[in-house]
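Dear colleague,

Please find below the structure that I promised to pass on to you.

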Amino acid sequence: MHNPVPKRVHPNPATVGMRELGFLGLTGLVMGIIPAPINAWWLAWVSLMPLWTYVMRTQGKVRRAMGLGLIWGIGYQGAALSWLTGLHPMTWMGLSWWTSITIAVACWVFVTLYGAVITALWAGFIAWVAPRLPIYSRILTGAVAWAALEWIWTQSPLWWTSLAYTQSPANLVILHLGQLSGPTMITAALVAVNGCLAASWTTIRYRWRYQGAAIALFLGLHLLGWSLYIQPLIADQDNALTIGIIQGNIPTRIKLFKQGIELGQKNYESGYRQLADQGVDAVLTPEGAFPFLWQNQPPLAATIQEKQVVAWLGSFMPDDHRITQSLITVLPDGSIFSRYNKIKLVPLGEYIPFEPLLGRLIGRLSPVSAQMNLGKRNQRFVTPWGPVIAGICFDSAFPQLFQAQAAQGGEFILTASNNDPYNTRMMAQHHAHDVMRAIETDRWAVRSTNTGYSGVINPHGQTLWRSSPQTFVVHAETIYRRQTQTLYVRWGNWLLPSFVGLSIIVGRLSFIQTKK
């Protein structure tokens, strides 16, 4: 006979006072603080417990639950994305100090609220299904629902703050679950463990059962990740490449003007020569290293012809009366061999959403006069050594872009980013995203940024080298081309529809049993 849903400890479970609301916002804030560079990954395994607890106490009141979710989400998103205020000051663009800070704060608030909608929808959904399901089914449904909402947000123009990224780069063991189905399983694991802990807190009967389930999930999933983490990396010298990285360190406030363009030409030519003399196979430059439209020969063509070393140059390229943010392969003879166009442009940075409505109010923040076109999703970036997985800056937050290129045969990852004017918190989080992409695809990753952090990451997510910020740096590192295919590369995010189907079946069976 089916066991009834256990009674809750609290005599008035629907009551949530200001003290509880403050605590809820604080735990969301904690979750937003712990990602890189703080790297307090272990707190993520308990920071969702208060939200779970309060939502389960709402007794099916959806609006109240959504309000609770919104409070937690604002704390999380606001803290995690606080680096967005680094847009200020933009006085170099001709904006007044007050206009600059207004735009920076408005961007931060908008993106914070946009991300917090995930938590609000999740909390409302759990409140709606909670009276119909026993606790174990709620936990499964909650884990799947959060993962599904994150997947929906990755299909939008704005995304950065998956729960999974709170584990990167410090908890490499659990990040290896990304090889199974991308960030989905990591996010679902975090939500499920927190749900079990919340269930143990809110019930008298079966308390130890839920605590045991939380411990078993935590340890079991880490053991699974460990089994993937300890797989040896084969260093096949036939597939070795030595790649040079240039971190130009040209601040955005001067980058687009004569002084910055001249400094960029000097730094990138000097860096290219140094690396070529070290015997590298190719040189990688950051996003927008050459922020102008050029004619005839690409930048550094004469130097490349002299040194005979392939270069990947970040530049703007014309595209149907507009431009693209691109990474181009320049051969030793100075000709262009291939081109990758940035797919995920930064809203308000490289284009203005709803431009007819917002254009006059906000003004254009993009550093170029022409509007940018988004790169096509089916691009294949081919080099003299074969296909490569490419990403430009914001692309790194969207795992499906890297998975698709790996499935097409990409043998290593190249990412080119600017990261200026943001602080080292943003730099560390951007690096953390590329750590996840390297693990998910089982590929070596090379990162070149304008101001930091540039780096080299192996397929287990270990950072072999990372630059100092706000410095001109050149570095050479040997990586290895790989053709392995993880389950995620082969089948994509296959676990999400599987989890959705499982939760529907379990939920339906549970609902039928409770009716008997």
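Glu411, at 6% relative accessibility, counts as buried, where buried means under 20% relative accessible area, exposed means over 50% and partly exposed is anything in between, with a 1.4 Å probe and protein chains only. Glu411 forms a salt bridge with Arg481, and the closest N and O atoms of the two are 3.1 Å apart; a salt bridge here is a side-chain nitrogen of Lys or Arg within 4 Å of a carboxyl oxygen of Asp or Glu. Because Arg481 lies in the loop between E12 and helix H16 (487–491), and Glu411 in the loop between H14 and E8, the pair ties together parts that are 70 residues apart in sequence. Helices (H or I, at least four residues) and strands (E, at least two) are DSSP runs, numbered from the N terminus. Arg481 also counts as buried, at 18% relative accessibility.

Before you read further, please keep in mind that this is a predicted model, in which local features need pLDDT of at least 70 and side-chain atom pairs count only at pLDDT 80 or more, while totals for chains, interfaces and linings use all residues. Residues are numbered from 1 along each chain as its sequence is written, and side-chain values use heavy atoms, with hydrogens and water left out.

A search of the whole structure finds eight salt bridges. One of them joins Arg482 to Asp442, with the closest N and O atoms 2.7 Å apart. Arg482 lies in the loop between E12 and H16 and Asp442 in the loop between helix H15 (424–441) and strand E9 (445–449), so this pair ties together parts that are 40 residues apart in sequence. Both Arg482 and Asp442 are buried.

The side chains of Asp277 and Lys307 also meet in a salt bridge, at 2.9 Å from N to O. Since Asp277 lies in helix H11 and Lys307 in helix H12, this pair ties together parts that are 30 residues apart in sequence. Asp277 is exposed, with a relative accessible area of 57%, whereas Lys307, at 25%, counts as partly exposed.

Helix H11 (residues 258–277) has 20 residues and reaches 29 Å from its first C-alpha to its last, close to the 28 Å expected at 1.5 Å a residue, the expected span being 1.5 Å times one less than the number of residues. The buried residues of H11 include Gly260, Asn267, Tyr268 and Leu275. Seen down the axis of H11, its buried residues fall within an arc of 155°, so they line one face of the helix; the arc is that of the directions from the helix axis to the C-beta atoms. Lys258, Gln259, Lys266 and Asp277 are exposed on the other side of H11.

Asp395 is placed in the loop between strand E7 (386–392) and helix H14 (399–407).
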